[in-house]
Amino acid sequence: MSQKNLSSFEIRAASIWSAKADYPMRFPSFLTRISAGFPSSADDFIENQLDLNELIIKHPAATFFVHVEGDSMLQAGIQSGDILVVDRAVEPCPGKIIVALLNGEFTVKRMIRETSGKVFLKAENNRYSSIEITPETDFQVWGVVTYVIHRAQ
Amino acid sequence: MSSTAPNNLLFALADCNNFFASCERVFDPSLHGSPLVILSSNDGCIIARSNEAKALGIPMGAPAFQYASLIQQQNVIVRSSNFALYGDMSKRVMRTLAQFTPDIQVYSVDEAFLLLEKENVKEYMQKIRSTVLQWTGIPTSIGAATTKTLAKVANYYAKKYVQKEGVFFLTPALEQPILKSLPVEEIWGIGRRITDFLSRQGIRSAWELRNADDLWIRKHLSVTVLRTVWELRGISCLELEEAPAAKKSIMTSKSFGYPLFDFKEIAEALASYTARAAEKMRGQESSASYLEVFLLSSPSRDEEYYHNAVQMILPQPTDYTPELTHYAKEGLQAIFREKILYKKTGVMLGGLVPKNNYQLDLFMAKNENQEKRDGLMQLIDQTNRQFGRGTLKFAAEGVKQTWKAKKANCSKRYTTQWKEILSIKLK
């Protein structure tokens with residue numbers, strides 16, 4: 001644990017609960033019986049089954065799911081009824097789609113910074129206008145949208 | 001008895017500010033800045049308050065109805081407890097804290113002790129606090145010192161003095177002024193009785209207690225208090241414990257939403273509580289050797305309480321809900337009396353043994369159905385975990401369950417039920 005250089009402190013995955021998996025654990029199934037003598041050459045190629053959680057959840061403690069309705073983010077590929085994967089551990093920066101609190105209400109927008117330095121919350125649909133964020137605005141980032149789950153049919 | 005903590009390490013206590021209220025605020029920002037109280041199951045007592053509610057003078061643990069008019073006048077927002085949410089948020093907070101050190105002891109739903117290196121500890125604690133706040137939305141206070149008891153003091157200061165920014169390192173140099181101004185009842189482990197006793201001896205501050213004579217403490221109080229005194233002196237007597245031991249008995253009991261006198265309804269409630277206790281027991285892989293059923297009446301002014309309990313020894317240790325329910329019901333039959341209004345029933349599963357580790361009775365037939373039973377219980381537990389508690393129930397628990405406790409203003413289970421996640425309108 002390095003406290004000397006705080007900008008890159010070491011993160012240790014610590015297990016503090018007894019082995020009750022929060023997420024399904026996949027175990028490789030053996031293709032051949034283990035018997036004394038001759039292992040199969042296929043054994044070298046056994047891999048883990050794919051787990052969706054591994055793909056989309058990078059920070060389990062900071063990840064939340066949000067259901068959305070409406071069309072203001074269509075051009076970002078977010079459709080009404082989709083579920084967003086929101087990660088609060090990701091640093092919000094210009095260009096990212098964020099869940100935010102604007103005047104105390106939840107909203108989903110893309111955060112934009114213009115060359116002038118001004119910051120805006122932009123919808124991804126021409127029918128909706130952008131909102132400028134100034135130090136006086138009642139605005140707070142809630143989390144960054146990392147994935148959009150859309151049902152195909 | 002004593003051992004000093006390694007020189008370069010400190011104990012830190014991190015705890016969440018107004019935890020239940022803070023959990024509600026993460027998902028309902030309209031609650032920010034408002035007086036808010038959380039009620040116990042059955043909407044009975046106030047079990048959590050936001051700072052604004054505290055400022056109105058609403059005390060912890062008060063029956064909700066006593067403060068009904070104040071609540072209405074001051075527009076205090078009321079929420080029923082949402083333990084599914086609080087439990088999940090607690091896990092998230094602890095998981096986040098665990099990123100910073102492998103040495104962590106989860107002490108309660110919203111508190112954890114950590115071992116941190118001395119170097120740059122203040123900045124490190126600030127980093128921990130801001131990370132927990134960003135990742136989970138929960139504000140915390142963190143205090144560090146050379147012993148656990150002093151870390152609790154440091155945490156108290158971190159919370160109390162806003163200018164501390166939520167973190168405080170109680171250095172040896174600061175111990176004297178701080179302990180001098182700290183009343184003895186604020187010390188971890190010193191309760192009302194001991195405070196009164198010490199006060200009669202002229203010991204009122206933590207500093208005075210720290211300087212008390214060892215033999216005198218040992219003689220008039222206890223070795224536990226002596227340990228606390230040594231801890232106040234900076235000598236660590238309490239080590240960072242590891243995973244908590246499995247419970248030795250599991251009890252589930254609840255007051256009914258309104259008093260009952262019908263045997264059938266009470267039996268349904270009891271079956272439900274038994275199922276719940278059994279689920280918890282299976283979670284720690286134990287089986288019960290006996291169970292106890294109890295009943296408590298709800299007497300009118302002139303009547304006496306009727307309180308009875310019975311112990312049922314089970315023919316062999318079991319974790320099979322239908323079997324436990326059967327014996328619980330038999331127990332209830334034994335203690336049930338007609339024409340009495342009952343307030344509460346409960347079951348305690350006792351004599352817990354590790355599931356596969358009991359001695360088979362010579363005369364006991366081998367249970368061929370054991371595998372089937374295990375499979376059934378596993379399926380039920382899994383389904384209930386996935387779809388929410390109570391999805392699969394035994395018929396004995398009743399379908400309508402009119403006896404269930406009230407929960408008038410419960411927020412959604414935003415993090416444990418797909419149907420209840422946050423929903424945002426895009427506009």
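A salt bridge here is a side-chain nitrogen of Lys or Arg within 4 Å of a carboxyl oxygen of Asp or Glu. You are looking at a predicted model, in which local features need pLDDT of at least 70 and side-chain atom pairs count only at pLDDT 80 or more, while totals for chains, interfaces and linings use all residues. Residues are numbered from 1 along each chain as its sequence is written, chains are lettered from A in the order in which they are written, and side-chain values use heavy atoms, with hydrogens and water left out.

**Stop 1: the salt bridge between the chains**

Select Glu105(A) and Lys427(B): their side chains meet in a salt bridge, 3.0 Å from N to O. The count between chain A and chain B is 1 salt bridge.

**Stop 2: the whole interface**

**Stop 3**

Next, colour by strand (DSSP runs of E, at least two residues, numbered from the N terminus). Two strands pair if DSSP finds at least two bridges between them. Pick Val66(A) and you will find Leu422(B), in S14(B), standing opposite.

**Stop 3: inside chain A**

Select Arg110(A) and Glu124(A), whose side chains meet in a salt bridge (2.4 Å, N to O). This pair links distant parts of the chain, 14 residues apart: Arg110(A) is in strand S4, and Glu124(A) is in the loop between strand S5 (119-122) and strand S6 (131-133). Over all chains, the structure has 16 salt bridges.

**Stop 4: rings in chain B**

Finish with Phe100(B) and Tyr124(B). Their ring centres are 5.8 Å apart and their planes at 80°, so the pair is edge-to-face. Rings of Phe, Tyr and Trp (its six-membered ring) pair if their centres lie within 6.5 Å; planes under 30 degrees apart count as stacked, over 60 as edge-to-face and the rest as tilted.

How values were computed. Helix = DSSP H or I, 4+ residues; strand = E, 2+ residues; numbered from the N terminus.
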